[in-house]
Amino acid sequence: MNTIKNVPARVLSRRSGHSLEAEREQFDKNQAMSISKAINTLEAPVKEKHARRIILGTHHEKGAFTFWSYAIGLPLPSSAILSWKFCHVLHKVLRDGHPNVLQDCQRYRSNIRETGDLWGHLHDRYGQLVNIYTKLLLTKISFHLKHPEFPPGLEVTDEVLEKAAGTDVNNIFQLTVEMFDYMDCELKLSESVFRQLNTSMAVSQMSAVQCRLAPLIQVIQDCSHLYHYTVKLMFKLHSCLPADTLEGHRERFHEQFRSLKSFFKRASDMLYFKRLIQIPRLPENPPNFLRASALEEHVKPVVVIPEEAPEDEEPENLIEISTAPPVEQPVVSDIFEQTFGPPNGIRDDRDLQIENLKKEIDLLRAELDKIKLEAQRYITQLKAQINSLEAEVEEQRKQKQKALVDNAHLQDELERLQKAKMEGDRSRGLYLEAEKKASATEVRYIKLKEKHSELINTHAELLRKNADTAKQLTVTQQSQEQVALVKEQLAFQMEQVKRESDMKLEDQTLQMEQVKRELEAKKEELVQLQQSLSHSKQVGSGLNSQLEALNAEKDVLRKSVSEKECELIATRGLIQEKELLLNQEAEKRAKEVQELQGKLAEKKSQEQNLQQKLLDDQFSLLQGTVKEAEVILQDAIAKLDDPLHIRCTSSPDYLVSRAQAALESVASVESGHERYLANMADATGLVSALAQFAHLTADSIINGSATSHLAPTDHADKLTETCRDCGQQSLNFLNKLKDKQSLRQADPAEVRRTLQGLLQLGQELRPKSLDIRQEELGDMVDKEMASTSAAIEDAVRRIEEMMNQARIESSGVKLEVNERILISCTDLMKAIRLLVMTSTHLQKEIVESGRGAATPREFYAKNSRWTEGLISASKAVGWGATQLVESADKVVLHTGKYEELIVCSHEIAASTAQLVAASKVKAEKHSKNLSKLQECSRTVNEMAANVVASTKSGQEQVEDKDTMDFSGMSLIKLKMEEMESQVKVLELEKTLENERLRLGELRRQHYALAGICDDSSDGGKPNLARKPGSLKKPPVAQKPTHPLKQAQELAQEDGVYQAQVVNF
């Protein structure tokens, strides 16, 4: 006996159902089959069912691991068509696959790029398309990874778009640029495809052409969303930035709009796309982003993908039942029967049960087809009933329209009766002498009123009937909607039955127990379907009864309408008789009323002419003022570029006062403008405010330009641009006042903003006062000049005392050296004293010529920066004289250094140069005191040079130079001395370098304390604003590379050493 009593559990488990590993193996097998059928070398489009199975596979495993594991093994470099289809499938997987597909594709960016670069270097038609397509896919992956708010399908709501863009204009700007790049890649691919089709003169129904056109469906879907998002973002950008800034964006959008519109038009004309996708139509012209209301006119383009018809090919079973070829089946069957089959060739009961179940399945399929045919027949009958109901509804609608027209006629009749009633009342009130006629008219009016009330009652009844008719129409429409709903439910149930039956048929081959349960479920569903069909028949019969009731009601309404028409004809006859009597009486009164109305109209026309003339006069007065104001402002703006105006200067304090006055005039203009808009017959307030505004604004612009000539470079540029912007905004405001249409929209807000900018810049340029109030500046100038003169007198006295003492205590060479140094110092002090006196006289002359009616203290307070510079220079001169005397005393007593005396001489020369520069700022060009002051300055420089020369020559005479004795030194001794000397040289150079750094820090701190250091945040380095005529002081920190000048050469130079520079 050929039987196996104990069957292994492993075999039984295989028969009972698939394990998890088998399901995974089956899934991998199906995915591999779908990928191999979708991506091949045939020049035909990718079949939708294969791509759909690949996409469902990504959702099944929540990623694209399986897809890429097979896609990497494809020989993409061997065939351009294979690469083209791979890009198409990848595009569909990115759009419709699981969200994790994007991260998986990011890992294989290099493979996509290598494929595109390979075919980009080859001259193959498909290869060029593959190169462009890979760039599009890489751009798509990068964009969606950077912006995870946008899914690869690009379908988001406007709220998500607003959230992704945010409120930062820079983010909106960048997102718009990235979407433009995205759109360029999409359009470039479509243009390349169409260019190749134009070259080959292809027909869209050819498989080779469809192979190229198939990916454009995804391109159309992407472009429709990108177009909508770019329109939204462009409108948002134009609401945040000026139009000139976005000129490039608008040009790029218009170019893309033309390309996209051409692409959609060409695609919609092709038969291939008409059955696969519904392409939206773009507007004739692009949106006008300069007009914010154009956003409401924008319509979002919607791409519609129609439901796909079932393909002719037989669907492949996800779980194979009998996939083995018929040739090999007997062999497999024999092997199975030899191993597990029953003895003596007897078949197992399970095989019989499977065959019986298959027969039952065939019977169920036949029964299901019958049910489908019956349901189709019922649907056809219901459609016919729906058409008849629609015809009845249309007839009812026509009846309703006719009733509405009759109702309108009745309302017209009622309005004429009411007018007649009003005319009768007016005639009775105006003419009291016709009381008898009025009483007769009143009797007739009472009768007419009764008729009118009867007509109102009749009209109310007709309105009620009309409402009932509308209700009946509503009921009919609801019944029609119920029929449509039943139709949809039937279609849905049929589709559901079809899907469930297909699923049951596929699952029945897995397990016999499931097949039995599914059969029972099928029977129950068939019963339910029959019940639903019977219910639909009952609903149809109910609709027929409702239609019969509506027809009966319609006949009743027709009879009532005919009766009411007869009543209306009789009533119209009575109304016409009454109208004739009323017209005869009203004609007599109408003539008199017309005469009075004519006189009244003449008076009104005269009054209107006078009023219009007054308005024109006021407007012409306003225009004259506006033109005059424009001339004033244009003259002020022209002075900004006038080379003769460069020499004009002004102080920040005066600029601040002018800007404040101009801001007050802007408020006056604003209030005058409001009063003029409220009463355009009176423009006096606006005219006077405009005149003041023009003069003050022009004065602010001119003084701002003059202030910029003495300001640092950055502040000067800002001040000049602000002045120019202020003038331009003022002219724009005046231009709006010229036109009556733009007069109401005129707003001086921009002018106020620019004037506030001028005020702020002026306040920034104001001097930083130390501990002195502006009221005390004038007293401080006199005190400092007096103290400087006293210090110089004291220095001269002390030098004379030192000279007398030196003659007593020293003799010989030392006496000669000390006398020469002290005499040169005395000459220098005398020259400084003369310079200070001349500067005092020049200062008084400046105050007298520049203060006007103000006091000297007010003049100093008004020019606070200049005053502080003058005080600083005076202090420096007095301090330098004191230090020179102390250094000379130390040199004479042999306790000081000659270098200290030289440095003090340089500092005195620099301090006097600062005093001369401060005095020259406000002095007149041809002033005698100024010429005298310059001559004194040259004398001081000569005397300072004499002090330096005397000091150096005395130092050379006094200091002894030891001669070096090299006799008796060996070679090693000399080498050691040389090394020691080099060490000392290096130490001295290091000390010199440290002292130079210390000197630089001391000067920087000195400038900061003097208020000249620029408080910039980028480094804290002083930014000195030098006068054009000032000479640059030689840097002390540099090692001299040339011999020092002789005293005669130094005395001949008319140079000025700059100790510190102050902005006046």
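Lys62 is exposed, with a relative accessible area of 55%, where exposed denotes over 50% relative accessible area, buried under 20% and partly exposed the range in between (1.4 Å probe, protein chains only). The position of Lys62 is in the loop between helix 3 (48-61) and helix 4 (65-71); helices (H or I, at least four residues) and strands (E, at least two) are DSSP runs numbered from the N terminus. Its phi is near 60 degrees, a positive value in a residue other than glycine. Most residues other than glycine have a negative phi. A positive phi, near 65 degrees, is also found at Leu154, in the loop between helix 8 (125-146) and helix 9. Leu154 is buried, at 0% relative accessibility.

The model is predicted, and local features require pLDDT of at least 70, side-chain atom pairs counting only at pLDDT 80 or more, whereas totals for chains, interfaces and linings use all residues. Residues are numbered from 1 along each chain as its sequence is written, and side-chain values use heavy atoms, with hydrogens and water left out.

The secondary structure of the chain consists of 32 helices and zero strands. Of its 1064 residues, 37% are buried. Among contacts (heavy atoms within 4.5 Å) between residues at least 6 apart in sequence, 81% join residues at least 24 apart.

The largest nonpolar core comprises 88 residues, and Phe67, Leu213, Phe263 and Phe273 have the most contacts inside it. Such a core is a set of buried Ala, Val, Leu, Ile, Met, Phe, Trp, Tyr and Cys residues joined through side-chain atoms within 4.5 Å. Helix 12 (residues 216-240) gives the most to this core, with 13 residues. Apart from this core lies another, of 49 residues, including Ile799, Val817, Ala888 and Cys936. When neighbours within four places in sequence are left aside, Phe263 is in contact with Leu187, Ser190, Phe194, Leu216, Val219 and Ile220.

Aromatic pairs number 18, a pair being counted for rings of Phe, Tyr and Trp (its six-membered ring) whose centres lie within 6.5 Å, with planes under 30 degrees apart classed as stacked, over 60 as edge-to-face and the rest as tilted. Tyr227 and Phe253 form a stacked pair, at 6.0 Å centre to centre and 20 degrees between the planes. This pair links distant parts of the chain, with Tyr227 in helix 12 and Phe253 in helix 13, 26 residues apart. Tyr227 is buried at a relative accessible area of 2%, and Phe253 is likewise buried, with a value of 2%. Tyr227 also forms a tilted pair with Phe257, at 6.1 Å centre to centre and 35 degrees between the planes. Phe257 lies in helix 13 and Tyr227 in helix 12, so this pair ties together parts 30 residues apart in sequence. Phe257 is buried, at 4% relative accessibility. Tyr227, Phe235, Phe253, Phe257 and Phe289 form one aromatic cluster.

The count of salt bridges is 25, each defined by a side-chain nitrogen of Lys or Arg within 4 Å of a carboxyl oxygen of Asp or Glu. One of them joins the side chains of Glu162 and Lys236 (2.8 Å, N to O). Glu162 lies in helix 9 (residues 158-165) and Lys236 in helix 12, 74 residues apart; Glu162 is partly exposed, at 42%. A further bridge is formed by Arg252 and Asp184 (2.7 Å, N to O). Arg252 lies in helix 13 (residues 247-268) and Asp184 in helix 10 (residues 169-200), so the pair ties together parts 68 residues apart in sequence. Arg252 is partly exposed, with a relative accessible area of 25%, as is Asp184, at 31%.

Ser824 is located in helix 26 (residues 812-850) and is buried, with a relative accessible area of 6%. Its side chain reaches the backbone oxygen of Ile821 at 2.6 Å. Leaving aside neighbours within four places in sequence, Ser824 is in contact with Asn946, Val947 and Ser950.

Note on methods
Polar contact = N/O pair within 3.5 Å; in protein donor to acceptor, adjacent residues only side chain to side chain.
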